[in-house]
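Subject: Structure for your review

Dear colleague,

I am passing on the structure below, together with some notes on what turned up when I went through it.

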Amino acid sequence: MTLLEGRNLSIAFGGVHAVENVSLAVAKGELLGLIGPNGAGKTTLLRLLTGILPPDTGHVFFEGRDITRMPIHRRAQLGFALTHQIVRPFREMTLAENVMMAAAGEVTVRPWKALVAVNARRERERALGLLERLGIADGADKLARNVPLGYLKRMQAARALALNPRLLMLDEPLAGLNAAEATRLADLIVDLNAGGITIVLVEHNLGEVTRIARRLLVLHNGALLGEGEPRAVMARADVRDAYLGADVHA
Amino acid sequence: MYYAELLLVGLIWGCTYAMMALGLTLVYGLLRILHVAQATVFTLGAYIGLLAANYSGSLAVAFIAGAIAAGALGPLIYRFVYQPILDRPPFVALVASIGVLIAMEDGFRLLFGPYGLSFEHNTWFTTTYSFAGMTMNLVQIWMVVTAVVLLSAFAIFATRTRAGVAWRATVSDPPMAESFGISVSGVRYVNFLIASVLAGIAGVLVGLLNNLVEPGMGSVIAYKGLAIIVLGGLGSVPGTLVASLALGVVESYGTVFLDKVLDRDAIAFLFLIVVLMIRPQGLLGRR
Amino acid sequence: MDYYVSVATFAALNVILALGLNLISGFCGQVSLGHAAFYGLGAYAAALCSVAGVPFPLAILVGVLVAGIFGIVVGFAALRVREDFLAIVTMGVGFLFLGAVRKQPWLGAEMGIAKIPSPLDKWGYAALAIGAAVALVVLSLHVRRSWMGRAFGAVAQDEDAARTIGIDVAGYKITAFFLGTAAAGLAGGIYAHMTQLIIPDTFNFIQSITILAMVVIGGIGSTIGVVAGAILLTLMPELFRFINDYKLLVYGALLLLVMRFSPGGLAGLLQRLGLRLA
């Protein structure tokens with residue numbers, strides 16, 4: 001069954017077609033990798049799917065429901081979570097508080113409901129559990145502005161998980177982590193997927209992404225170049241050319 | 001004919017706004033600071049211009065003195081007010097700027113007295129010309145001429161000279177400009193210098209037009225300058241010019257047609273709010 | 001004695017105004033340079049009601065609601081413009097309010113509204129204003145501890161991140177505007193009945209900046225700091241003749257110094273000395 005579907009998505013910036021007529025479907029339970037050389041339009045496509053950018057044309061469906069114009073916070077409430085490529089922590093909160101904010105969705109859904117709720121013990125326990133799971137429990141009570149990038153990247157994943165998502169879209173979650181941290185987070189992504197969360201992953205770390213993804217989509221010059229089983233896709237000549245060409249010109 | 005005259009008066013005010021707003025756009029474009037304290041620079045220009053005119057009897061001397069005083073004050077405000085707090089959130093610089101503005105309003109009151117000063121020989125004010133049934137005085141004509149000349153000079157500087165190109169490069173990408181050997185800090189001083197000289201000259205002109213220089217004369221025009229840069233769309237120089245003229249004309253007609261419901265300042269800000277509700281990115285801004 | 005009672009009442013009104021702005025700017029991070037307009041809206045609405053014979057408590061309530069409803073409208077407008085421009089738009093709202101009131105004969109134009117019925121004596125207004133100020137302090141402290149306060153903090157620190165974790169940023173901003181402007185409306189209603197005369201100029205841009213100065217000097221975001229700032233800025237001109245004559249010079253210089261050396265205001269200063277205020 002299809003969980004997320006993008007139909008004929010296009011967007012242009014000042015005449016340049018950043019994404020042109022891309023359609024894709026993400027099945028429930030999938031772990032899909034979205035790859036492509038720099039400037040291929042991966043992040044833009046992700047932004048169209050998540051609603052950060054409204055598409056010029058095309059539609060996005062979540063469980064068959066058209067969510068193209070739905071505000072981001074409503075999508076998050078439906079279980080559609082995302083992380084940003086560049087970490088966006090609440091800088092003046094601790095890591096635990098950052099995750100607690102996401103865990104408190106039921107309370108903060110209406111301002112008036114939030115006004116009468118003070119107790120945060122349940123959210124804190126949940127936040128600590130998630131930080132533990134991501135291996136950063138030791139930073140729980142440090143301010144976000146004072147911890148290294150590796151912590152923030154993983155805190156961001158914890159924050160997305162605190163939403164109890166059914167669909168998780170991760171924009172380069174492994175960037176900025178060292179090899180050991182990256183492998184550990186990649187393994188966790190596989191675990192989460194096994195636990196029932198559908199995951200879409202934009203990633204530059206091809207080694208990890210081909211290892212964990214069950215299907216790859218390749219984007220090139222704003223259009224879909226190919227898709228399929230990771231090893232088969234990576235072996236294709238046109239995919240190799242796209243990467244090599246991009247590297248030569250970069 | 002009456003409507004044509006209103007249009008003309010509006011455009012004349014628009015020219016004055018443009019001289020004020022261009023500087024605010026430059027500062028905003030480079031530093032993301034809403035430089036409210038530009039009003040202080042404007043008022044200082046007017047006072048020094050007036051004192052110079054009354055002392056020397058020459059309006060040319062008045063403009064030079066006003067421009068020099070203003071041109072000195074602007075960079076000083078940058079150095080001592082903004083530069084130490086550049087890395088803080090924009091709110092901090094805005095509040096500091098408001099602090100300078102209101103403090104100096106009383107400062108001028110202490111220095112030059114509360115009631116305002118007039119030019120002793122304001123020949124431009126008394127010299128009037130009539131054509132096609134419309135009457136203008138020489139100050140109004142000079143306002144238009146000065147604005148056109150100075151803004152054209154600025155356009156040539158920005159597009160045709162090495163310094164201008166360096167300056168634009170810095171506005172669009174400071175780290176990149178630095179890697180090409182451009183002194184970012186130097187560009188900032190130049191920026192404040194240009195903005196302040198324009199404001200100082202505008203101050204002298206407005207002083208001549210009203211034949212009055214008073215402590216609070218800069219505030220409203222500075223607030224409107226800020227409204228104009230928002231209207232024009234964020235650091236867009238052509239947008240700023242269009243918005244300046246549009247605001248001048250809207251005010252001019254508005255004070256006639258809306259006289260029973262709103263005053264002049266309210267009309268200006270109503271225009272701002274209406275435009276922003278329709279086009280949040282401003283008149284010529286891109287989304 | 002009367003003098004002290006009236007100074008205390010004004011201090012309490014300023015506390016209400018400053019805490020209202022602090023809800024909007026300090027808690028929710030939305031800069032507003034037009035707070036005096038809502039003070040004025042409350043004052044005019046309540047005054048009109050009383051002049052028309054509406055009972056005092058109801059008149060005050062109308063003032064609160066009118067200010068709060070306009071606050072919601074401005075909150076919606078605020079959603080449409082980028083953060084930097086909100087300051088200019090709210091400043092514009094202030095000028096629009098003033099320019100509209102000045103031209104309306106039914107609002108007394110420049111002369112304002114006089115002979116507003118006054119049902120209480122000096123002590124009564126003092127008790128009312130101080131009671132309201134205390135209630136607002138309690139509310140502020142509670143908001144800060146509640147999930148609403150946490151969500152405001154998230155909106156203030158990073159709107160986009162707040163959206164991605166399901167926080168209704170628009171809803172919270174509008175709530176902050178409603179609460180803050182309704183508080184200003186309450187102060188306006190009390191002020192109008194106490195002085196029995198209101199004129200447009202009382203609610204001008206300088207008044208907005210004065211309220212902002214109380215918030216910023218006390219310490220933006222800190223309830224206790226803001227209360228201290230409001231009281232301090234009310235008392236200073238009363239204590240020193242020079243400050244009364246050159247209020248703007250002193251307020252302006254204080255704003256500049258605080259921004260330059262202690263952006264956290266008095267509360268930030270105390271915190272650096274090891275005292276943490278709520």
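Predicted model: local features only at pLDDT ≥ 70, side-chain atom pairs only at ≥ 80, totals over all residues.

Which residues in H2(C) and H8(C) meet each other?

On the H2(C) side the residues are C:His35, C:Phe38, C:Tyr39, C:Gly40, C:Leu41, C:Gly42, C:Ala43, C:Ala46, C:Ala47 and C:Ser50, and they meet C:Thr181, C:Ala184, C:Gly185, C:Leu186, C:Ala187, C:Gly188, C:Gly189, C:Tyr191, C:Ala192 and C:His193 in H8(C). By class, this contact divides into 11 nonpolar and 9 polar residues, with no charged ones. As for the geometry, helix H2 of chain C (residues 35-51) packs against H8(C) at an angle of about 50 degrees, the axes being 7 Å apart, and that makes H2(C) oblique to H8(C). The crossing of H2(C) past H8(C) is right-handed.

Also in chain C, helix H4 (residues 83-101) has 19 residues, which at 1.5 Å a residue should span 27 Å, and this agrees with the 28 Å that separates its end C-alpha atoms. H4(C) is mostly covered, since 16 of its 19 residues are buried.

Sorted by class, the contact of H1(B) with H11(B) has 16 nonpolar, 7 polar and 1 charged residues.

Helix H6 of chain B (residues 138-160) has 23 residues and reaches 32 Å from its first C-alpha to its last, close to the 33 Å expected at 1.5 Å a residue. In H6(B), the residues B:Val139, B:Gln140, B:Met143 and B:Ala147 are buried, and the buried residues of this helix pack against H1, helix H5 (123-126), strand S2 (134-137) and helix H9 (184-210) of chain B.

Turning to the chains as a whole, 2 pairs of chains touch, and the most contacts are between chains B and C. In that pair, 39 residues of chain B are in contact with 31 residues of chain C. Helix H4 (90-112), helix H10 (217-232) and helix H12 (264-278) of chain B each supply at least two residues to the side that touches chain C, with the largest share, 16 residues, coming from H4(B). That side of chain B has 30 nonpolar, 2 polar and 7 charged residues.

Between chains C and A, 23 residues of chain C are in contact with 23 residues of chain A. The elements of chain C that give two or more residues to this side are helix H5 (122-145), helix H6 (147-157), helix H7 (159-164) and helix H8 (169-195), and the largest share, 7 residues, comes from H6(C). The residues on this side of chain C divide into 10 nonpolar, 7 polar and 6 charged. Chain A and chain B, by contrast, do not touch, and their nearest C-alpha atoms are 10 Å apart.

With best regards

Definitions and conventions
Residues numbered from 1 in each chain as written. Chains lettered and ligands numbered in written order. Nonpolar A, V, L, I, M, F, W, Y, C, P; charged D, E, K, R; others polar. Contact = placed C-beta atoms within 7 Å. Helix = DSSP H or I, 4+ residues; strand = E, 2+ residues; numbered from the N terminus. Expected span 1.5 Å × (residues − 1). Buried ≥ 20, exposed ≤ 12 C-beta atoms within 10 Å, placed from the backbone. Axes fitted to C-alpha atoms, helices over the stretch in contact; angles between N-to-C directions. Parallel < 35°, antiparallel > 145°, perpendicular 65-115°, else oblique. Left-handed = near helix turned anticlockwise from the far one by under 90°.
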